[in-house]
Amino acid sequence: MKFVLSGGGTAGHINPALALAEVLQQRGHEVLFAGTPTGVEARLVAQAGIEFVPFKAAGFNRQAPWTLVTSTARIAASAMQAKRWMREVKPDAVVGFGGYVCIPVGLAASQLGIPLVMHEQNSVMGMANKFLGKRAAAVALTYEVAGKDIEDASKLVLTGNPVRSSVLKATREEGRAMLGIPFDAVMLLVFGGSLG
């Protein structure tokens, strides 16, 4: 089977998509990735050796409501491009992980009758996932509470958050060696979501 994965804006959308891509490829499926040309996804997907197809998409600035017009026009143009591309590559399913780039990709899949699955990594559903969740065949959730924004509860599937095997197999010793941190040093890891 052939899958198109899409997500962008933050590594929080991209890394779970790459974890799914890894499993799909191990099972013999073909994976393509649709993202923004200048987002972090362009670099991370290329590093993973997955074919990357860029589509322009951007959100709007709530402090500048007129940007809704330019954002909508950009997404509409990208949806038309995504539709043409999907007619060529003929994916069996599209899986979106969030970020504005998912909107044109998800819309194209929905309009072409290609099954669309959305995955929400956070406890509060993002705008793109909320919008596309209405059109999706299924909405996968990391946290059950995120499903409150989807009217059709039969679409909801609690899956957890996909994690790459390299993260699961890593050891403390390998991490310290990679980062050059002495083995007897006290280490405190602080991290945040999205662009945190």
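Contact, throughout these legends, means heavy atoms within 4.5 Å. The model is predicted, so local features are limited to pLDDT of at least 70 and side-chain atom pairs to pLDDT 80 or more, while totals for chains, interfaces and linings use all residues. Residues are numbered from 1 along each chain as its sequence is written, and side-chain values use heavy atoms, with hydrogens and water left out.

**View 1. Helices α3 and α4 meet side by side.** Helices (H or I, at least four residues) and strands (E, at least two) are DSSP runs numbered from the N terminus. On the α3 side, I75, S78, A79, A82, K83, M86 and R87 meet I103, P104, V105, A108, A109, Q111 and L112 of α4. The two axes come within 8 Å and cross at roughly 50°. That angle makes α3 oblique to α4; angles under 35 degrees count as roughly parallel, over 145 as roughly antiparallel, 65 to 115 as roughly perpendicular and the rest as oblique. Axes here are lines fitted to C-alpha atoms, for helices over the stretch in contact, and angles run from 0 to 180 degrees between N-to-C directions. The crossing is right-handed, that is, the near helix is turned clockwise from the far one by less than a right angle.

**View 2. The open sheet of seven strands.** The strand order is β3-β2-β1-β4-β5-β6-β7, with parallel pairing; two strands pair if DSSP finds at least two bridges between them. At the edges, β3 (51-54) and β7 (156-158) have a single partner strand each, so one side of each lacks a neighbour in the sheet. From one strand to the next, the twist averages 25°. Helix α3 (residues 67-89) packs on this sheet and touches β1, β2, β3 and β4 (93-96), its direction making about 170° with that of β2.

**View 3. Strand β4 and its partners.** Five parallel bridges join β1 (residues 2-6) to β2 (residues 30-35), and V4 stands opposite L32 in β2. Between β1 and β4 there are four parallel bridges, with L5 opposite V95 in β4. Buried means under 20% relative accessible area, exposed over 50%, and partly exposed in between (1.4 Å probe, protein chains only).

View 4. Leaving aside residues up to four places away in sequence, V4 touches L32, A34, W85, P91, A93, V94, V95 and V105.

View 5. After α4 comes G113, with a positive phi near 75°. K90 also deserves a look: this residue is not a glycine, yet its phi is positive, about 50°. K90 sits in the loop between α3 and β4 and is exposed, with a relative accessible area of 59%.
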